[in-house]
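Subject: Structure handover

Hello,

Please read them alongside the coordinates.

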Amino acid sequence: MNLKTLLKILSDKDCRKIYTKRLAANDNSKNQVYFGGNFESLNIFPIKEITTDDEGESQTTRFKTKLDFYWIDDEGILTQAPEAQLILYPKYPEVRFSGFLKGSKNAPSELMASRIENRLLFLGISNEGKTIGYVASPDSVLSKEFEKLLNLPEAGVFKELAISGDTIQLDTREALINELQRIHTLGWIDSKRLNKDKEVLPCISSNCGGYTLEAELGITPNGYSEPDYLGWEIKQFAVKDFEKYNSSTVTLMTPEPTHGFYVDSGVESFIRKYGYKDKMGREARLNFGGVHKYGITQESTKLKLIIAGFDSESKKIIDTSGFIGLIDEADNIAASWSFVSLLKHWNTKHANACYVPSLIRKDENLYPFSKQQYSYGHKVMLGTSTDFSLFLKQIESGVIYYDPGIKLELAIEGERKQFIKRRSQFRINSGNLISLYKNNEIVNLSEA
């Protein structure tokens with residue numbers, strides 16, 4: 001096996017990103033393979049559902065998540081490793097890879113069970129959500145060829161390769177910036193979106209800024225939540241002035257609660273209990289909204305945002321059954337989001353993120369179909385290297401807050417049926433986005 005052949009095999013398996021790691025003596029099937037001293041590797045690999053695991057102590061102390069993992073041989077034949085998983089140890093914190101030989105008939109057991117130093121592990125990420133592994137001995141042709149590659153970008157403990165066919169794309173950042181410069185110089189762009197066949201369709205709602213940007217980048221909907229463009233997650237947000245980049249609100253994620261009165265009794269009962277009459281006087285309508293910040297009782301809902309299972313001093317998760325929650329004045333849990341569910345939301349697309357501001361204009365005379373257009377700003381923020389602990393830290397500091405848009409419209413005879421809108425939002429001011437990433441930069445497209 002040589003490098004060109006391996007890249008071509010992985011490319012044919014629909015891999016566009018490859019992560020490599022030189023294995024230490026303890027990186028083996030007995031001791032597990034070390035994937036990093038934080039949860040950053042969860043941003044890289046297409047994980048399945050996260051579960052908690054009790055090691056026998058008083059508190060559950062580990063998270064686990066399966067990978068759809070396969071070993072590939074020199075002929076390009078895949079062999080599934082059905083027990084492959086990542087184990088997250090919050091108290092250290094660190095992530096380890098295990099179960100990669102169990103039940104896999106053609107796995108490279110000799111190399112992955114050994115204590116040979118400097119074995120070279122390749123992990124390709126396919127667009128279908130598979131992780132495909134190959135390992136080479138330190139004295140192999142492949143390993144020696146790889147050693148000659150210089151200045152590869154890093155992602156935690158891994159070296160990162162973006163590939164096209166058997167060719168390595170060394171600078172995806174430059175390619176992304178070039179595309180965003182092109183889009184910025186287009187000026188006003190008709191509102192649109194792409195379907196799965198890359199056909200351009202009208203986009204007529206008021207929140208089509210993201211779809212329009214994705215259409216310009218050629219991003220189509222896919223079943224696996226991979227990063228959007230060359231390994232970068234593209235996040236658009238609306239502004240009123242491109243020069244006031246730091247003054248807008250960005251929605252980070254919109255997860256539904258997993259526990260509490262909201263789940264146990266249903267959304268309607270939740271709104272009736274904790275909501276309030278519409279403040280604009282709209283008939284037969286109850287709302288549940290307003291900014292909820294950590295440790296502060298919200299004026300309209302009388303609920304307080306809390307975090308359970310996170311240590312303020314060490315900034316570490318101390319209980320994997322922990323949660324972010326809303327409690328009422330009697331300390332009842334009105335709604336909560338388990339760490340397990342939020343970990344999955346947060347780490348799906350946050351390895352490399354690009355935040356792009358947009359302006360919208362509407363005009364009945366605009367052509368062809370949407371009557372609205374978008375323009376994209378000259379300042380973008382690039383963020384890399386994050387983990388869930390940073391998210392929790394910024395909630396605790398009040399930088400990230402819960403700002404729902406939930407409502408109950410009661411039925412009015414002869415006019416409308418009852419309608420419930422669910423929208424739980426964790427949001428942040430655009431000027432604080434840099435707090436979520438260990439590496440970040442503002443790029444001026446006019447000067448780049």
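Cys354 is buried, with a relative accessible area of 0%. The closest cysteine sulfur to that of Cys354 belongs to Cys203 and lies 20 Å away, too far for a bond. Bear in mind throughout that this is a predicted model.

There is one disulfide in the structure. Cys203 and Cys208 form it, with 2.0 Å between their sulfur atoms. The angle about the S-S bond is -85°, which makes the link of Cys203 and Cys208 left-handed. Cys203 has a relative accessible area of 5% and is buried; Cys208, at 0% relative accessibility, counts as buried too. Cys15 also counts as buried, at 0% relative accessibility.

Next, the charged pairs. Side chains of opposite charge can pair when their charged atoms come close. A search of the whole structure gives 23 salt bridges. One of them joins the side chains of Lys17 and Glu160, at 3.2 Å from N to O. Lys17 sits in strand S1 (residues 15–23) and Glu160 in strand S12 (residues 158–164), so this pair ties together parts that are 143 residues apart in sequence. Both Lys17 and Glu160 are buried.

A second salt bridge links the side chains of Arg282 and Asp278, at 3.0 Å from N to O. Arg282 is partly exposed, at 40% relative accessibility, whereas Asp278 is buried, with a relative accessible area of 8%. Arg285 and Glu409 form another salt bridge, with their closest N and O atoms 3.9 Å apart. Arg285 belongs to strand S20 (residues 285–289) and Glu409 to strand S30 (residues 405–409), so the pair ties together parts that are 124 residues apart in sequence. Arg285 counts as buried at 16% relative accessibility, and Glu409 counts as buried at 16% relative accessibility. Through shared partners, salt bridges join Asp278, Arg282, Arg285, Lys407 and Glu409 into one network.

On to the nonpolar part. In soluble globular proteins, nonpolar side chains tend to be buried together. The largest nonpolar core here has 78 residues, and the members that touch the most others are Leu86, Ile324, Tyr355, Phe388 and Phe391. Helix H8 (residues 339–347) supplies the largest share of this core, five residues. If neighbours within four places in sequence are left aside, the contacts of Ile324 include Leu305, Ile306, Ile307, Trp337, Phe339, Leu342, Phe391 and Phe426. A second, separate core has 21 residues, among them Ile189, Leu217, Ile219 and Leu382.

Two local items remain.

Helix H1 spans residues 3–12, and its buried residues are Leu3, Leu6, Leu7, Ile9, Leu10 and Ser11. At the start of H1, a side-chain oxygen of Asn2 comes to within 3.3 Å of the backbone nitrogen of Lys4. Asp14, which follows H1, has a positive phi, near 70°.

Ala330 is in the loop between strand S24 (323–327) and strand S25 (333–338). Is Ala330 buried or exposed? At 56% relative accessibility, Ala330 counts as exposed. Ala330 and Leu303 are 27 residues apart in sequence, and their C-alpha atoms are 9.9 Å apart in space.

Regards

How values were computed: Residues numbered from 1 in each chain as written. Predicted model: local features only at pLDDT ≥ 70, side-chain atom pairs only at ≥ 80, totals over all residues. Heavy atoms only, no water. Salt bridge = Lys/Arg side-chain N within 4 Å of Asp/Glu carboxyl O. Helix = DSSP H or I, 4+ residues; strand = E, 2+ residues; numbered from the N terminus. Buried < 20%, exposed > 50% of the residue type's maximum accessible area, 1.4 Å probe, protein only. Polar contact = N/O pair within 3.5 Å; in protein donor to acceptor, adjacent residues only side chain to side chain. Core = buried A, V, L, I, M, F, W, Y, C linked by side-chain atoms within 4.5 Å. Contact = heavy atoms within 4.5 Å. Disulfide = S-S within 2.5 Å.
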